[in-house]
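I am opening these notes to record what I looked up in one chain, entry by entry, with the sequence and the coordinates side by side.

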Amino acid sequence: MATILVKQVGSPIRRPAEQRATLIGLGLNKMHRVRELEDTPSVRGMINKIPHLVEIVEERG
């Protein structure tokens, strides 16, 4: 199973509610948190919706 490490690099302050909800859906809600998530199309889509708030640290395969 492939996984990716996602880190929050931007603040959700003064962002639309949809972007905040996407961060929470990824399990991120505070700056510099890192989560290991399954590499699925739905997770990739969520990351692509908020590229200014998150970064992919590492891809494990």
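In which strand does Gln 8 lie? I find Gln 8 in strand β1, where strands are DSSP runs of E with at least two residues and helices are runs of H or I with at least four, both numbered from the N terminus.

Entry on the model. I note that this is a predicted model, in which local features need pLDDT of at least 70 and side-chain atom pairs count only at pLDDT 80 or more, while totals for chains, interfaces and linings use all residues. Residues are numbered from 1 along each chain as its sequence is written, and side-chain values use heavy atoms, with hydrogens and water left out.

Entry on Gln 8. I looked up its burial and found a relative accessible area of 0%, so Gln 8 is buried (buried means under 20% relative accessible area, exposed over 50%, and partly exposed in between, with a 1.4 Å probe and protein chains only). Leaving aside residues up to four places away in sequence, I list Leu 23, Leu 28, Asn 29, Lys 30, Met 31, His 32, Arg 33, Leu 53 and Val 54 as the residues that Gln 8 touches, a contact being heavy atoms within 4.5 Å.

Entry on the fold. I count two helices and three strands in the chain, and reading from the N terminus their order is β-α-β-α-β. The radius of gyration is 11 Å, close to the 10 Å that the globule rule gives for 61 residues, so the chain is as compact as a globular protein of that length; the radius is taken over C-alpha atoms, and the rule is 2.2 Å times the number of residues to the power 0.38. Along the principal axes, the C-alpha atoms fill a box of roughly 35 × 20 × 15 Å. Of the contacts in the chain with a separation of 6 or more, 72% are between residues 24 or more positions apart.

Buried residues make up 30% of the 61 residues. I have the accessible surface of the chain at about 4,000 Å², with 51% of it belonging to carbon and sulfur atoms, the areas coming from the Shrake-Rupley method with a 1.4 Å probe and, for residues, with only the protein chains shown counting as cover. The chain carries 10 positive and 7 negative side chains, and the centres of the two sets lie 12 Å apart; Lys and Arg count as positive and Asp and Glu as negative, with His and the chain ends not counted, and each charge is placed at NZ of Lys, CZ of Arg, CG of Asp or CD of Glu.

Entry on salt bridges. How many salt bridges does a search of the whole structure find? The search finds five, a salt bridge being a side-chain nitrogen of Lys or Arg within 4 Å of a carboxyl oxygen of Asp or Glu. In one of them, the side chains of Glu 36 and Arg 60 meet at 3.4 Å, N to O. This pair links distant parts of the chain, with Glu 36 in strand β2 (residues 34-38) and Arg 60 in strand β3 (residues 54-60), 24 residues apart. By relative accessible area Glu 36 is partly exposed at 45%, Arg 60 is partly exposed at 36%, and Glu 58 counts as partly exposed at 35%.

I also looked up Glu 59, which forms a salt bridge with Arg 44, the closest N and O atoms being 3.4 Å apart. Here too the pair links distant parts of the chain, Glu 59 in strand β3 and Arg 44 in helix α2 (residues 41-49), 15 residues apart. Glu 59 is exposed at 52% relative accessible area, whereas Arg 44 is partly exposed at 25%.

Entry on backbone angles. Most residues other than glycine have a negative phi. Arg 14, in the loop between β1 (3-8) and α1 (17-25), has a positive phi near 65° and counts as exposed at 81% relative accessibility. His 32, in the loop between α1 and β2, has a positive phi of about 65° and counts as exposed at 54%.

Entry on Arg 20. I find Arg 20 in helix α1, partly exposed at 39% relative accessibility. Not counting residues up to four places away in sequence, Arg 20 touches Pro 12, Ile 13, Arg 14 and Arg 15. The C-alpha atoms of Arg 20 and Ile 50 are separated by 9.3 Å, with the two residues 30 apart along the chain.
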